[in-house]
Amino acid sequence: MTIKMTMTMNNSEAHHESHHEGSDQPTPNPGVTTTFYLMRHGECEGGQILRGHTDVSLSENGRIQMFDAIEVADISFDHIISSPLRRCCEFALRLYLKREVPLKLEDGFKEMNFGDWDGETLESLYQTSAGPIEAYWKNPWASTPPDGETMLDFEARIDRAWESMLNQHRGESLLLVTHAGVIRHLMARALGVSGAAGFYTQLSLAYAAIVKITVYTTAQGTHFPQLHWG
């Protein structure tokens, strides 16, 4: 405490002297920090399928997983942003009614559109399209599901929604209810990583997992994201 007070006095004296020398500089703006809690949806109905845009509800266990995770995390937030797909937005709506926190649905945070593979079981895909699906898992930037969304388009869509959310809610705390693919991309982005297939195939992200990312924005508008682990 003594050191902090001494530094404050020295800064004040320096400013006083510069003022008398004719250098009237404004006090710097320290910037603001925006906090994001990224929450994956819980277990879903429909079994082991490649969901993507396939719109299925949470199972009863999935609903319990999400509410339990929120209670254990003991977090507060000013807004809820949710993917409009049912496995996300049905929980977000219940949470909105329970906590009376503003809710917005955002298309940009939908899961990847897997095209002709969307909604198919993984077992059937490996029986009919083993080669293409293996190539996709290995390098999704070089291979796209038939009639599906390219990885570059998927990431660009998320980035646009993220930038919009950050600009609209700067300095606030937000809960983003979304999908594993979206969260993995945002984690990679926070770490400055691009084109790393391991974030999608080797990074485990449990149902109802909550990941925290903070973004410090300077007075000049430069963003410094930080991924909080554990």
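This is a predicted model: local features need pLDDT of at least 70, side-chain atom pairs count only at pLDDT 80 or more; totals for chains, interfaces and linings use all residues.
**Salt bridges**

Asp 159 has a charged partner. Its side chain meets that of Arg 189 in a salt bridge, at 2.9 Å from N to O. The two residues sit in separate helices: Asp 159 in helix H6, Arg 189 in helix H7 (residues 180-190). They are 30 residues apart, and the pair links distant parts of the chain. Arg 189 is partly exposed, with a relative accessible area of 28%. Glu 163 also takes part. Salt bridges that share partners join Asp 159, Glu 163 and Arg 189 into one network.

How many salt bridges does a search of the whole structure find? The search finds six. Three of them are listed here.

| Pair | Closest N and O atoms |
|---|---|
| Lys 98 and Glu 71 | 3.4 Å |
| Arg 157 and Glu 149 | 2.9 Å |

Take Lys 98 and Glu 71, which form a salt bridge. Lys 98 lies in helix H3 and Glu 71 in helix H2 (residues 60-73), so the pair ties together parts that are 27 residues apart in sequence. Lys 98 is exposed, with a relative accessible area of 53%. Glu 71 is partly exposed, at 45%.

Now turn to Arg 157 and Glu 149. These two also form a salt bridge, and both residues are buried.

**A nonpolar patch**

Helix H3 (residues 86-99) also holds Tyr 96. Together, Leu 93, Tyr 96 and Leu 97 make a nonpolar surface patch of about 290 Å². Tyr 96 is partly exposed, with a relative accessible area of 33%.

Most residues other than glycine have a negative phi. Two residues here go the other way.

Asp 147 has a positive phi, near 60 degrees, and is not a glycine. Its place is the loop between helix H5 (130-138) and helix H6 (151-168). Asp 147 counts as exposed, at 67% relative accessibility.

Ala 208 is not a glycine either, yet its phi is positive, at about 65 degrees. Ala 208 lies in the loop between helix H8 (198-201) and strand S5 (210-217). Is Ala 208 buried or exposed? Ala 208 is buried, with a relative accessible area of 6%.

How values were computed:
Residues are numbered from 1 along each chain as its sequence is written. Side-chain values use heavy atoms; hydrogens and water are left out. Patches are made of residues with over 30% relative accessible area and no salt bridge: like charges are joined within 9 Å, nonpolar side chains (Val, Leu, Ile, Met, Phe, Trp, Tyr) within 5 Å. Accessible areas come from the Shrake-Rupley method with a 1.4 Å probe; for residues, only the protein chains shown count as cover. A salt bridge is a side-chain nitrogen of Lys or Arg within 4 Å of a carboxyl oxygen of Asp or Glu. Helices (H or I, at least four residues) and strands (E, at least two) are DSSP runs, numbered from the N terminus. Buried means under 20% relative accessible area, exposed over 50%, partly exposed in between (1.4 Å probe, protein chains only).
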